[in-house]
Each structure stands twice: as C-alpha cells, then as structure tokens.
Amino acid sequence: MRFSPRVVYCALLLLGIANYPAFAGQSSADNHFLFRLPRAAGYIIDESDVQQAAIAGTATDWLKAWPDDGSTNFVQLGNRVVLQLEPGTDLSQLLAGHPLTLSRTVTANIFILQAPDAWTAAREAHRLAQLPGVTASYPVVKRQAGLNSQYAPAPNDQYYIFQWYLEHRNADGSSAGVDLNVRAAWPFTQGQGVTVAVADNGVELIHPDLTNRAAGGPHFNFTDGTTNATPFGGSSAWAHGTECAGLVAAEAYNDIGMAGVAPAANLASWVIFDTNQLIATDEQLMDMYQYNSNTVSVQNHSWIAAGPTQQGPGVLEQIGIANAITHGRFGRGSIIVRSAGNDRATGVNADDDGYPSDPRVIAVAAVRIDGRVASFSDPGACVLVGAPSGDVDQNGLFTTDLVGTRGRNQFSFGPPNQSLSDYVFNGLGFNGTSASAPLIAGVTALILSANTNLTYRDVQQILILSSRHFDFADPDVVTNGAGFIVSHNLGFGIPDAAAAVNLARAWSNRPPQTFVTFTATNSAAIPDDGLRLLVTGTNVPANIASIHTVPDVGPHADNPTPLVPLVDVGTGTNISGSLTNCGALIRRGGGTFSDVITRAAKAGAVFAVIYNFDSTNSVAGACPGGDTLCPMGATDFVPIPAVFIGQTDGQNLQNYLQQNTNALAQLRLAGTNYNFNVTNTLICEQVAVRLQTDHPVRGDLRITLVSPSGTRSVLQRYNLDTSPGPVDWIYYSTHHFFESSAGNWRLEVSDESAGFTGNVLGAALTIFGVPIKDTDHDGLDDDWEMAKFGSLAYGPKDDPDKDGNSNAREQLMATNPILADVPFKLDLSTWNPGISRLSWPGSTNYHYEVWTGTNVTSLNLFTNLPGRFPETEWFTPNNVSPQQFFRVHAVQNP
C-alpha cells in the first residue's frame, strides 16, 4: 500500500497516432490534470516538493512523478512543455494571457514552451490538452536509464583471486562475508579524474601496477624539498607507502598483479618520513596538507601519533589542515583519510590521538575477514568506518611491494609467478589500520569521481549511509537515536562501494554546518575508585559491602546492573542450572576470562564477578594470584559486564553467600556528572566534549557522553596512561550523527582505580550540525514532515514506503519517504564464465519470488529469497538452456 498524502494525479500525453481517443476522467478537482492523449498514462506528483520550494522562496525546476499503477519507476517532469498542434492551429492564441513563452520551434507544428517552474508547466500542459487543435501536450520528461551491466567483468589481473577485500564470494557467487563490493561500483566509475596522495615513506613509482596511475602526478618529498618521492631505502621498512598505494589504485584489467579499489584514479607520492624514518617537521607537514589542494582530492595518512598519551597536530599542522579543508578542491574541502591506530591491547583509544579524532577527517578501523574488528584496531567514538585488514592470526592483504626482492617480500618465484616478488601476501601481507585506511581512500575516490561537487561533509555522510556491520555478536554494536547502527570498534561499519557511488550520483549537497557550545565552569570532585561491587543482605560485613573492582574491556556497568542474587559457580568450567536474573561469582582458573564470562552469560547471568586464585597458583609471566587485581584482557566481546576482585574479597564474599542465600549484589559506577540542557534543534553531526581536570593519572578515568536519545559515546576508557589529565583535551564522537540535538546531554566522569584523586575543572559540549525546525525533537524537520506526511506522527526510524530507507535517510538523501524512489528493475550480469548474477533494488521489508523458464508466458517459481538492502542478488548457472527468462516478484513481509 502506498501512502501518498496531498498528491496530484496527472496523465502525460505521449506523441503518437493523433486519432486515439482522449483520456476521460473527473476534472473538478484543482489538482487533477486531464490531457488529451493518444495513449493514457496516469502519474502521481508529490505536491510537497512544490510546498518546500515555496517555503524556501525558490522555483521548482523538476518534480518526481510515479505511474499510478503502483510502479516504482518514477520520471521527472520539467519546467518546459512539449506541444504538438494540428495544421492551422494558432499558437499565439493558445498562449495569450498565460505564463508560457516560446523557447524553441522543433518542426512546423511541434514547439517547446518555457514555464516559470515545473508545477506551472504541468498545469499548463493540462490546460492545453483540453483545447481543440492540440494533439500532444506534456512536460519534458527525464526517465530512468541504466548501463548495459551493473556489475563489472571480473578483472583479468593475475592475482585478483586473492583480493577477498574487494569481492568476497563463494564458488557459487553467494556472499562469503566482508568486502567492499567494488565490482558493482566499477560500471559507473573506477575513480577517473581523482588524484589520491599517499602521505607516507614513498611510493615505488616504477612498479608495473602503479606506474601509469602515478605518471605525471604531483609528487613531492617534504623532508628534503625535492620531487624525488620514491622510498629512500630498499627493505621491508620502506615498503609501507607502496603497500598503501596498491590498495588505493593499482591498475586493473592489465593482465598482471592486482587491482586497486579505484583502479583508474591518479596517484601522488608525498614523502613525509626522512632517511631515519622520522616524520617531517610540523612546518613541513603544514605545507604537505595544503599542497596542490585543488589537484589532490584525497589524502591517505596511514600513520598516527605514537604512545598512550594524548597528543595531536600542533599549531602549524592545524593551519595546514584547516587550509586543506577550507580551500581544497576549490572550497569543497580535501578528503583526509586516517588510520585509527593499532594499540588496542594496551588500552589505547583513538579519541586520545588528535590526528584521527579530528572531526574533519575520516578515521578508519580494521575489520577481519570474519567481520569482527581486528584484535589490534583502536576503538574510539571518533571512528567513522572500518575496512578490511589482516590480523595476528590471519593473513594480511595482498598488495604491491617494492619491485623485486628489495621490499617486504624477499622471495623469488619461478614462471608463471615470477612477478610475485613485486607483491606482499599471506603471512607477508599488509596488516594494521594502515591497510584499512587506503581502502577507504579508494572508496572515497570512487565517490568523488561519481560526483565532483561533493563537500568533505557530504563524503563523510555518504560513507555512513553506505556502510554496514557484519558482527552483530559484538555487544558494542548499537542503534543510535536516528536509527543508524554504530560501534566504537568499527564506527558505522564497512562501506559498500556500489551503494556509496549510487548515493553520490544522486546526492544533493547538505546545507552549511553550524555549531552550538555549552560551557560549565564549576569544578567538581571525581569520586575515587568508583566502580564497586555492592552487596546487601542480613548483617553484611563492612569489608564486603562495597568491594573494589577493576572492569573488563567489554560491556560496562555505566548504568547500575540489577540488584540480584549472586551465585557461586566455582571456576565456571561447568555451569549447571539457570543463572537467569542472577550474578555469577567465579573463581579464577576455569579458563580464559572471556570463556568463563561467556559461560555465565549463556546460563542467564546479568553480570559476572571473578575473584583471584591463591598466590600459590601463580604462573610465571601471568598476572599473579592473591589480592592482585588482574586486568581482564581479551574480554571485548563478552555479552555481560564483568569485574575482577582480589582473592581475600572473593573468599569472604563466598563464605558470606553460603550462609546468606538471600543476599543481593549489583555493580555500580560512581562518578561526577555534568548536564547540558540543549534547546537548539539541529540534525547532529559530530559532537565534541572539551574537558579540563587536575587528575594525576589520566588512565584511571572513564569518560562518557549520553545524548537525549540515550546513545552513549565512550570518550575515554580505563587505560595505561600514567600522565596527568586530561589537562585540556577535546574528545569527538560520531555516534550521534543525525540524532536530534534537543534535550539533556549528560557527561559522566568516573575514576576506576584507587589511590589518586582529582577534580573536573571545566567542561564544554559542542554540537555540530544543520539547524532545523523540530518541535517534536525527533531529528526530522517539521516542514519536511508536514510536506511529506501532513503531520509529525512519524519518527526517524520509520519507513512508510517500505523501501528500506528510513525517514532519517530519506531526509538526508532528499528523496520521497512515501514513494519508493529507486525503480524496481532487474539487472542480469556475468559474474564469471559459468555463472550469471541477477540483482534488483532490495528491502528487508520484502521477500522476493524468483520465477524462471524458457517460455516467458509460463515461468515457474524457482526460489524465495529474503530481501537484502539496498540490493538483493541471486546467482544462477548461465548454461541451463540457450534461452532463459527471469521474473522477480516482491512480496511484502507480514
């Protein structure tokens, strides 16, 4: 069922045989157009586009119109009218006193008339169609058209089969998991006209897969001021820039090597590491950011600030970055892509590095082949997206190396694989977020090639809308208040290059960004040692009523857990019985922390408490027993919050529970909160928190921000940094993108280790976004809602037209939320010589019947497929018969 408030029914008169009967119908309604047609064709026009244009004070040059037979294949009606007259009919009399002017005479009796706007053109075409002597009258029309194939041929590059990160499929064509889906983007663009700079330790410009892409590029060595931008040395340490460049733009379809994400993009090598592998000075980096910024559209930076302390660009670098964003690409902004960092195991957070956390850049995390964030990839609220990489227990990515045996791969190979020495792969393959960032730089090149008019903010938002998650077992994956799935591990997920390109092709620039800032100058003490296990019951001993703990690195008790019975399950090796609505008390030694916590969660526990074993059980190299509090590493993905306590506390608690079966326990985090009541109504983009403290050990603190929608950004987690702070640091979060700004924002600062105390000296909240009228605080513009729905009843997550795009997405894309904008059409492309790929626009609100056969009049139902957004696909052998027909029927789910 199509919901279409305030629409106009319109029939278009198509040129044809003049003696067809006229279209007959009611003509009393002001918004019902009647045309004299050779062939009747009814269309629905959404009047809200006209209303919005009137509000903005602008003319509407084009209006979307849908066939009234329920088809989703829309056309666009323009502000010009095509008019055909019978011989002898006087054109001037027909136009007298009406808002049409003659623009063009096509033949002696066919004319094109100019109207002030598309709405007027439709009305005038309707009027003229009623007059004698008129054989055709209709607004000029744009119709949907497509390329011959929407899936590019498989590259003939010799080692493309090893590039799972570009296309990850099973032998039958079905998806095998994470990839960038580039072959569905390449029919539209392969990055032509876009230059990507690799700011690194040099690119091997003579590499056969790179030489054409780098020819004539704006190369520069910022460490010595020359144009010699090749690596200084020949060893594995000097291959890094070349490895990045191959992932961005290695040439495809050249019968050798590999393919880059944007294989027709141009490359520039920017050397920023000197002969000692030290990074350039801040002055040189300032020059680098803004170098040739109208030629270089995208910059890839696969490097970060080193160490756990908070640091970032200095004054000069900030000037260079600002100039690149403000003036680059003729004012649209250079696209700066950065790796998020590789120090997850030591508690490092990308928000503590001012390079990837800058809201003007794209921070990229790393994802494994199975969809889980890589074990090294730094989490952070600033992370925008993720991209494939290897891992410590997985092979790295296949990419270019220094030529011959000079680089990371120092092995020689015989025919026909003698060129393998020029590439890294398998155990020598490229790893880290350094490998992930250039993949996103390549996707960005595809986006800009499809639409050169995009700003850096447009690109960020297209990446968000085109991204998807694969690991829903990650407890950090949540849906924000606007309906977008996000995590601190992988941001909004892994972009689908085809979806990104399709979005870019139709994208309208977002309105200018503004910001609002709220400042709290009052100081407040941060309670020391705030994460506690609280026990209540009869005669609870004082020494176990509130127990000191250290947290896991996964789910956290930011909100107090339920007050529930605590059940002793021994070492947790074998948990019998249900722990539903209980906590689990576990003695260390029953397996890894992750294993025992997961077992407790599967039994129904809502949280877990692990206490240390006796010191006599200590193992060399491991955290000792006794009352030592052990950090619970590798617990990122456990399903429930967990804490660790000392042996004495654990045994005392165990003894008490044996005598008091009615005792209850909960995890509770005490901290100091700042509340910011925001009345401004913006569609949120990045959100910033500036925090000043005098705490002597920054690593003790946990800092989070909760939006009015309830989305929590973890800005800092318990870590190993022993320096003071945050002295004065700005944290940025992407997690609130497209939420409403209005309401109460809560900043929570807590201390999770004993012994050092401090205060918050000042805090400020800054919200970046687009101002809208939003009385119901749902992130949807009231005027947009009234124009589209006639009320404010719908929310940002609703999808009235069932096309898979929520209202929040439709608002951003400037599409119609009550009528599907994408035509429902099939594409049949060759996937490989033996298999064809059938695809169509898909939605999870539907399942799809695929009918096949050799006779188009009697097809058979072959299969039912669940819908996948934004495209559903099906693979079939292409040698079944000489002639095969396909029909797909969309069936709405109950």
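Let me begin with Thr681, which, leaving aside residues up to four places away in sequence, touches Ser741, Ala742, Val770, Pro771, Ile772, Lys773, Asp774 and His777. Please keep in mind that what we are looking at is a predicted model. Thr681 sits in the loop between strand S31 (671–678) and strand S32 (682–693), and its side chain reaches the backbone oxygen of Ile772 at 2.5 Å. Thr681 counts as buried because its relative accessibility is 18%, and the limit for that class is under 20%.

Now to a sheet, an open one of three strands in the order S38-S39-S42, paired antiparallel. Strand S38 (827–832) and strand S42 (871–877) each have a single partner strand, so one side of each is left without a neighbour in the sheet. The twist averages 30° from one strand to the next. S38 and strand S39 (residues 835–841) are joined by five bridges, and Thr830 stands opposite Ser836 in S39.

Finally, the salt bridges, of which the count comes to 28. In one of them, Arg702 pairs with Asp558, with the closest N and O atoms 2.7 Å apart. This pair links distant parts of the chain, 144 residues apart, with Arg702 in strand S33 (residues 701–706) and Asp558 in the loop between strand S25 (550–551) and strand S26 (564–568). Arg702 is buried, with a relative accessible area of 7%, and Asp558, at 12% relative accessibility, counts as buried too. Elsewhere, salt bridges that share partners join Glu167, Arg169, Arg183, Arg837, Arg868, Glu871 and Glu873 into one network.

Conventions:
Residues numbered from 1 in each chain as written. Predicted model: local features only at pLDDT ≥ 70, side-chain atom pairs only at ≥ 80, totals over all residues. Heavy atoms only, no water. Helix = DSSP H or I, 4+ residues; strand = E, 2+ residues; numbered from the N terminus. Buried < 20%, exposed > 50% of the residue type's maximum accessible area, 1.4 Å probe, protein only. Polar contact = N/O pair within 3.5 Å; in protein donor to acceptor, adjacent residues only side chain to side chain. Contact = heavy atoms within 4.5 Å. Pairing = 2+ DSSP bridges. Axes fitted to C-alpha atoms, helices over the stretch in contact; angles between N-to-C directions. Salt bridge = Lys/Arg side-chain N within 4 Å of Asp/Glu carboxyl O.
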